[in-house]
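Colleague: Hi, could you walk me through this model? I have some quick things to ask.

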Amino acid sequence: MTNKINDCLYYIGVNDHDIDLFEGQYDVPNGMAYNSYIFLDEKIAIFDTVDKRFFDEWISNVKELVKDRKPDYLIVQHMEPDHSANIMKFLEIFPDTIVVGNMMTFQIMLQFFGKNVKNQLIVKENDTLSVGKNTLKFVFAPMVHWPEVMMTYNLENKIFFSADAFGKFGALDVEEEWDCEARRYYIGIVGKYGAQVQNLLQKVSSLEIQTICPLHGPVLKENLAHHIKLYDIWSSYKTETDGVAIFYTSVYGHTKEAAELLKVSLEENNIPKIAITDLAREDMAEAVEDAFRYGKIVLMTTTYNKSIFPFMNEFLEHLIERNWQNKFVCLVENGSWSPNAINVMKNKLSSCQNIIYLQPNITIKSALSNENIEDIKRLAKVLSLAKDNHLVK
């Protein structure tokens, strides 16, 4: 499809409703959008290609808008295949097009395609490119979330082409709230690189931005301060939502019973929002998203093969690899003869920064005892009183 963004800029991306797992792991019930854009000025500049399965649809969009002209530039902001797979096929049709990228762009391009493109324009940070009445300025964003990533700012129209930043899951022909799927996308894919995103936000803070054109998700024109604020929260590992998130695994239902009792006790202590997740049955990416969203976290699991239940182990690995930090954490274990889950969880999380463990730790031996019930009520009270210094008001 093609959509007009302004007098010289058009959307030429595609929707994908055939995909089930994005990047082989993220459930995308509403599909995905692979965004591409075309600048029609004295010269024609195209921003990125799309997933290889959609070449025919995408090149049809290109031809519809260029008509009898030929593209002058193909600007490659990100070499991940869902954006770059069609570079060589595009050049078979338009061989005189100049491919714009940085040194790392062309190194990775050679790795993917086994050959160099003929017409290269290698740009550096803050270089500019005139396409007529419009000037494009290149902003480098290494490790947001690949090393070659660069973004582009159109000075005259104040448009920011943000590569994968400010993207979200979901095709563009499905209406849904931006925040939830943008958060899940960010935490899952970019979450590890908070420092790099903070560097990017600092770089672009001096730019007047009126439109954000990401490589996934909708073009953003309204309430940009909201979207930028969320990116600041996520990338600085602050607490977005005041409340408690409970994550549990349960073999025979006793740890689940403890989790549900804690939820009731938290409600009695007027906790504003409570999320509770059975890690064996609910989407892992949604669970990871909530672990970053909330500042007070309860981990409840069974001792299993002298370690912890596999789904809790997987969950903690996801948190650790994404630089999870700045949390209050409460630990609850269950074990019939040699409970050890608390020690295992604390050891696994030892590399995470600024984790404050709240007491009491609770050990359930097989089934809830009267003492456990009272400890859970005490824990709910402690959580209600804990003041989160990373909470965004």
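Colleague: Which residues in helix 8 meet helix 12?

Modeller: Ala258, Leu261, Leu262, Ser265 and Leu266 in helix 8 touch Ile373, Ile376, Lys377, Ala380 and Leu383 in helix 12. Contact here means heavy atoms within 4.5 Å.

Colleague: How many nonpolar, polar and charged residues are in that contact?

Modeller: The contact of helix 8 with helix 12 has 8 nonpolar, 1 polar and 1 charged residues. Ala, Val, Leu, Ile, Met, Phe, Trp, Tyr, Cys and Pro count as nonpolar, Asp, Glu, Lys and Arg as charged, and the others, Gly among them, as polar. Before we go on: this is a predicted model, so local features need pLDDT of at least 70 and side-chain atom pairs count only at pLDDT 80 or more, while totals for chains, interfaces and linings use all residues. Residues are numbered from 1 along each chain as its sequence is written, and side-chain values use heavy atoms, with hydrogens and water left out.

Colleague: Good to know. At what angle do the axes of helix 8 and helix 12 cross?

Modeller: Roughly 45 degrees, and the axes of helix 8 (residues 254–268) and helix 12 (residues 370–385) come within 9 Å. Axes are lines fitted to C-alpha atoms, for helices over the stretch in contact, and angles run from 0 to 180 degrees between N-to-C directions. Helix 8 and helix 12 are therefore oblique to each other (under 35 degrees is roughly parallel, over 145 roughly antiparallel, 65 to 115 roughly perpendicular, the rest oblique). Helices (H or I, at least four residues) and strands (E, at least two) are DSSP runs, numbered from the N terminus.

Colleague: On to sheets. What is the strand order in the open sheet of 5 strands?

Modeller: The order is 12-13-14-15-16, with mixed pairing; two strands pair if DSSP finds at least two bridges between them. Strand 12 (128–130) and strand 16 (211–213) are the edge strands, each pairing on one side only. The twist averages 20 degrees from one strand to the next.

Colleague: And which helix packs on the sheet?

Modeller: Helix 6 (residues 194–204) does, touching strand 13, strand 14 and strand 15 (159–161). The direction of helix 6 makes about 150 degrees with that of strand 13.

Colleague: Do strand 13 and strand 14 run parallel or antiparallel?

Modeller: Strand 13 (residues 135–140) and strand 14 (residues 150–154) run antiparallel, joined by 5 bridges. Phenylalanine 138 has threonine 152 in strand 14 as its bridge partner. In the loop between strand 13 and strand 14 you'll find histidine 145, and the peptide bond from valine 144 to histidine 145 is cis, with omega near 10 degrees.

Colleague: Interesting! Where is proline 360?

Modeller: Proline 360 sits in the loop between strand 22 (355–357) and strand 23 (362–364). A cis peptide bond joins glutamine 359 to proline 360, with omega about 10 degrees. Most peptide bonds are trans.

Colleague: Changing topic, how many salt bridges are there?

Modeller: A search of the whole structure finds 15, a salt bridge being a side-chain nitrogen of Lys or Arg within 4 Å of a carboxyl oxygen of Asp or Glu. One of them pairs aspartate 16 with arginine 53, the closest N and O atoms being 2.5 Å apart. This pair links distant parts of the chain, 37 residues apart: aspartate 16 is in strand 3 (residues 14–16), and arginine 53 is in the loop between strand 8 (44–47) and helix 1 (55–66).
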